[in-house]
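Keep the picture open while you read, and find each spot as it comes up.

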Amino acid sequence: FGWMVVPDLAGAIRTMESKGFPCLMTARIPGIRFAYFDTTTALGALLEAFELDKSAKPRLPDRVWPGK
């Protein structure tokens, strides 16, 4: 399973489908829109692409590994 951040999810869906990787599902949760693509023949796994809403404020992680 892999993932990538894209600036334009609709454009990414068009591009991936034109390359032969069908979009299996799309969804939206607060701050993020995402899609899953069937890339199993090429990558051996599904690929997730997601776009952060322009108004989303990234949250810093509670911890970072390795710690300081």
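E51 is buried, as its relative accessible area is 10%. Buried here means under 20% relative accessible area, exposed means over 50%, and partly exposed is in between, with a 1.4 Å probe and protein chains only. Before we go on: this is a predicted model, where local features need pLDDT of at least 70 and side-chain atom pairs count only at pLDDT 80 or more, while totals for chains, interfaces and linings use all residues. Residues are numbered from 1 along each chain as its sequence is written, and side-chain values use heavy atoms, with hydrogens and water left out.

So who does E51 pair up with? One partner is R33, and the closest N and O atoms of the two are 2.4 Å apart in a salt bridge. E51 sits in strand β4 and R33 in strand β3, so this pair ties together parts that are 18 residues apart in sequence. Helices (H or I, at least four residues) and strands (E, at least two) are DSSP runs, numbered from the N terminus. A salt bridge, by the way, is a side-chain nitrogen of Lys or Arg within 4 Å of a carboxyl oxygen of Asp or Glu. R33 counts as partly exposed, because its relative accessibility is 25%.

E51 also forms a salt bridge with K54. K54 counts as exposed, at 72% relative accessibility. Put together, R33, E51 and K54 are linked in a network of salt bridges.

How many salt bridges turn up in a search of the whole structure? The search finds three. Here they are side by side:

| Salt bridge | N to O distance |
|---|---|
| E51 and R33 | 2.4 Å |
| R28 and D53 | 3.2 Å |
| E51 and K54 | 3.6 Å |

In the R28 and D53 row, the side chains meet at 3.2 Å, N to O. That pair links distant parts of the chain, with R28 in strand β2 and D53 in the segment after β4, 25 residues apart. R28 counts as exposed because its relative accessibility is 54%, whereas D53 is buried, with a relative accessible area of 18%.

## Other residues of β4

Now look at E48, which also lies in strand β4 (residues 47-52). E48 is buried yet has no salt bridge. How far away is the nearest side chain of opposite charge? That side chain belongs to R33, and it is 12 Å away. (Lys and Arg count as positive and Asp and Glu as negative; His and the chain ends are not counted.) Not counting residues up to four places away in sequence, E48 touches F1, G2, W3, M4, F34, A35 and Y36. Contact means heavy atoms within 4.5 Å.

Is A49 buried or exposed? A49 is buried, since its relative accessible area is 0%. Leaving aside neighbours within four places in sequence, its contacts are M4, V6, L9, R33, F34, A35 and F37. A49 and G2 are 47 residues apart in sequence, and 8.6 Å apart in space from C-alpha to C-alpha.

L52 is another residue of β4. L52 counts as partly exposed, because its relative accessibility is 40%. With neighbours within four places in sequence left aside, L52 is in contact with G31 and I32. L52 and T39 are 13 residues apart along the chain, and their C-alpha atoms are separated by 22 Å.

## Helix, hairpin and surface

Helix α1 (residues 9-18) has L9, G11, A12, I13 and M16 as its buried residues. What do they pack against? They pack against β1 (2-5), β2 (23-29), β3 (32-37) and β4. Just after α1, G20 takes a positive phi of about 95 degrees.

β2 and β3 pair in the antiparallel sense over six bridges. Two strands pair if DSSP finds at least two bridges between them. The bridge partner of M25 in β3 is Y36. The hairpin of β2 and β3 has two residues between the strands, and G31 takes a positive phi near 90 degrees there.

Finally, check the loop between α2 (40-43) and β4, where you'll find L46. L46 counts as partly exposed, at 32% relative accessibility.
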